[in-house]
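Take it a section at a time, and turn the view as you go.

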Amino acid sequence: MSQAVDEIKIGGIGASRKRVEDNRFIRGKGNYTDDIVLPGMLHMEILRSPLAHARIKSIDASKAWDIPGVHLVLTGEMMATRNLAWMPTLSYDTQAVLATDKVRFQGQEVACVIADDPYIAKDACEAIVVDYEPLPVIVNPAQAVAAGAPVIRDDKENQPDNVIYDWEVGDRDGTDRAFASADLVSKLELHYPRSHPSPIECCGSIADFNRATSKLTVYMTTQAPHIIRAAVAMVAELPEHMIRIISPDIGGGFGNKVPVYPGYVCSILASILLERPVKWIEDKSGNLISTGFARDVYLKGEMALRRDGKILAVRMHTDADHGAFFSDAQPSKFKIGLMHSAFAAYDIPVAHLTARGTYSNKAPGGVAYRCSFRVTEAMFFQERMMQAAADDLGIDQAAFRRMNFVPDEAFPHRTPFGFLTDSGQYAKCLDVGLKAIDYQNFRQQQEQARSRGRLLGLGISTMTEPLGAGNSREYDILGIKMFDSAELKVHITGKAIVRTGARTQGQGHETTWAQIVAHELGIPAEDVVVEEGDTDTAPFGMGTYASRSTPVAGAAVAMVSRKIRAKARKLAAHLLEVSEEDIEWELGRFYIRSAPDRGVTIQECAVAAYANMPDGMEPGLDATAYYDPPNLTWPFAVYIVTVEVDPETGVWDVLNMVAVDDCGVRINPMIVEGQIMGGLTEAYAMSNMQFITFDADGNCVGANYMDYLLPTAWETPGFELHSEVVTPCPHHPIGAKGIGECAAVGGPAAFVNAVIDAINGTGVRNIDMPLLPDRVWEAITYRRDVSGAPPVRSDD
Ligand code: CDP
């Protein structure tokens, strides 16, 4: 007699199943782009510009061509003959593949050499002589819009200045009226510094064009293989069905591997010209200096307040420095991404945001580093503003947030900028966090410590953020609507394979998608293999970034499983010789309603799909689902940090950190905790140790891991995680919300707020990240705000 299966035992939703991908990763058996060796493969290296802004007077590559082992030298001039010197960006701008007229940032790609091995190629790059005529340099938005500023994009018609966009959203007049009636206006200005995703594996590609079949296969480090296929088809004008993009194992992406980089394009052209596979693997400094940076946003905010603490309105202005090319990989119609998701957790009647984007002589920036398109900046700004406003009002930090939260009964809630949030228990999460940090007790300790000259501080960051782009109505990339997909094939023995249009970069999809199938069908997770990243086999999807996989591709996995279950029901009716209406489902089994002992397992249905289907039924048990989410998902988080600051040195230590994340239903609680731990670690690193900036000549300062520090277990504090608040997403088929980026988004403000709280009384409103000891010391000693905006000062 068949029986229902126990969901946790089969590794379904809620099981902390061990990550199946780790079997190969911890044995060193991963298969990354650089592990792939193809017969006859050549190697490509890139010559990069040493200057940030200069006219190219000439390029002499003759000495490079003469070096034995060199097969090809590509320059912008050569690319231009194939119409490939420039390429379109994902933000409807153009970007130089190899520079022709000018270089516009330090590290820009000027030429490529393809040789027998990477060392010959590197030597040959150094033999290329480029004659540059230096031009004045711009490294911040104020310089970009100053009178007489050099026009960086003089290649573009109708671009008389350095402004990319001027954009606004919200209710300007209503906001003005609210400010006029305010008891108090709280103001804050800050700079969210440029930051870099720094995945362990850099970017790279192996292009393999086969003249005999006309097929181009590209192995590459991309988070979005199908988008790359479409982009290659458009840029290189190759037929899409003759392009196969394979994204093998990826050693971390964090948004860095979404854009299309010149190295990919050059390796493809080189392979077509040479009819041999061409491998390009970026080095670490190349990755830090030239690939997608994130942030670099200046924020000015004002909050209109009633004396009792009610927020009446918010006004925000942002200046975004996009570098030399506007190449944001963000799929919304909003120019500054989802920046206007700021303050979504708070019940604020009216708000207005203006945003200006400008060019500068820096590598193109604005990638969503573990972030949903500027959400990190938005939440950082929001939570820094919340702290400043509470201080200005003289109201307790926690109480101020609580009194302004959207209450549980107010969902669905329209935010002041027009988003629809649909669920959450914000006050409950805050309560859990405050209890865990022992809030009242800490405040008393803080008072006592201060009387003895010790500086203790507590920082709170609370936020809801939009995860899971699309829907297709509002989100697209290059005109392709945002949705995602899953294909599920159940084999005759009841084992299965699921493929999605997402692409894991370490988040554990191979483990969790199988858990969703187990939850929906009762097939043990270990009987389900997950495959992603090959455009010839995976259904069309938009890739993985912005924590969209669970909200969109994960939902598609649930929906395709339900399609399979619907067909299996027909098979069960046939096997049990009753009509479909008489059949009931419990996990892993169909049974006859009136005779529950008589049932068939999902595996028996799988056999029947191939060996014993009813007359007229199409054989097989497989299906595809495309999922267009009705809304974004809105997880909520509370991060609370306590710190001690040494007033003599400015060094600060984390005493305790508590995280309360409500991401709806957790598919795999262990993986979710891993995501939060990783995000908090990155947040901690951003807030205190990752220094990368530019000097007045546009030299990238900190493009090395001596200045831009990656946190190790040694520096990283311990984190206490709480999972007791679960508010299922009302529109997601399994109630899940995204989680991947929450901690990296919400974490930084908690650390900075804690340090600012510790030095409360000095009159300091802001220290820009990273809060290096010298900056904190300067703030304490001179009782002044400390800006981190470039150009870097000579004493930094
Ligand atoms: O798009 P990305 O995979 O980076 O982010 P995500 O959708 O938030 O998922 C990150 C990892 O956490 C995946 O392995 C998810 O399946 C898992 N997750 C989960 O187990 N439960 C959730 N409610 C959300 C994510």
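This is a predicted model: local features need pLDDT of at least 70, side-chain atom pairs count only at pLDDT 80 or more; totals for chains, interfaces and linings use all residues.

E16 and E17 run parallel and are joined by nine bridges. How much of strand E17 is buried? Eight of the nine residues of this strand (residues 350-358) are buried, so the rest of the structure largely encloses it.

On to the next pair: strand E15 (residues 294-305) and strand E16 (residues 311-321) run antiparallel, with nine bridges between them. Glu-302 faces Arg-315 in E16 as its opposite number. Taken as a whole, this is an open sheet of five strands in the order E9-E17-E16-E15-E10, with mixed pairing. At its edges are strand E9 (163-170) and strand E10 (184-195), each of which pairs on one side only. On average, and with direction ignored, neighbouring strands of the sheet are turned by 10 degrees against each other.

## A three-stranded sheet

Another open sheet has three strands in the order E6-E2-E8, and its pairing is antiparallel. Strand E6 (102-103) and strand E8 (129-134) stand at the edges with a single partner strand each, so one side of each has no neighbour in the sheet.

Strand E2 (residues 54-60) and E8 run antiparallel and are joined by six bridges.

## Around the ligand

Now to the ligand. Which residues are closest to it? Of the 24 residues that surround the ligand, the closest are Gln-507, His-509, Ser-549, Thr-550 and Val-665. The shell is made up of nine nonpolar, twelve polar and three charged residues.

A polar backbone atom of Val-665 is 2.7 Å from a nitrogen atom of the ligand, and a polar backbone atom of Lys-737 is 3.1 Å from a ligand nitrogen. For Gly-740, a backbone N or O atom lies 2.8 Å from an oxygen atom of the ligand. Taken alone, the ligand exposes 520 Å², and the protein buries 98% of that area. The elements that give two or more residues to the shell are helix H14 (509-521), helix H15 (549-576) and helix H17 (669-688).

Most residues other than glycine have a negative phi, and most peptide bonds are trans. Ala-469 and Gly-470 are joined by a cis peptide bond, with omega at about 5 degrees. Gly-470 sits in the loop between strand E20 (455-464) and strand E21 (476-477). The peptide bond from Met-769 to Pro-770 is cis as well, with omega near -5 degrees, and Pro-770 belongs to the loop between helix H18 (742-758) and helix H19 (773-782).

Where phi is concerned, Asp-438 has a positive value of about 60 degrees although it is not a glycine. This residue lies in the loop between helix H12 (426-437) and helix H13 (439-451). Is Asp-438 buried or partly exposed? Its relative accessibility is 39%, so Asp-438 counts as partly exposed. Leu-478 also has a positive phi, near 50 degrees, and is found in the loop between E21 and strand E22 (480-481). At 22% relative accessibility, Leu-478 counts as partly exposed; the cut-off for buried is under 20%.

One last stop is Val-776, which is placed in helix H19. Its relative accessible area is 0%, so Val-776 is buried.

Conventions. Residues are numbered from 1 along each chain as its sequence is written. Side-chain values use heavy atoms; hydrogens and water are left out. Two strands pair if DSSP finds at least two bridges between them. Helices (H or I, at least four residues) and strands (E, at least two) are DSSP runs, numbered from the N terminus. Axes are lines fitted to C-alpha atoms, for helices over the stretch in contact, and angles run from 0 to 180 degrees between N-to-C directions. A residue is near a molecule or strand if one of its heavy atoms lies within 4 Å of it. A polar contact is a pair of N or O atoms within 3.5 Å; within protein, one must be able to donate a hydrogen and the other to accept it, and residues adjacent in sequence count only if both atoms are side-chain atoms. Accessible areas come from the Shrake-Rupley method with a 1.4 Å probe; for residues, only the protein chains shown count as cover. Ala, Val, Leu, Ile, Met, Phe, Trp, Tyr, Cys and Pro count as nonpolar, Asp, Glu, Lys and Arg as charged, and the others, Gly among them, as polar. Buried means under 20% relative accessible area, exposed over 50%, partly exposed in between (1.4 Å probe, protein chains only).
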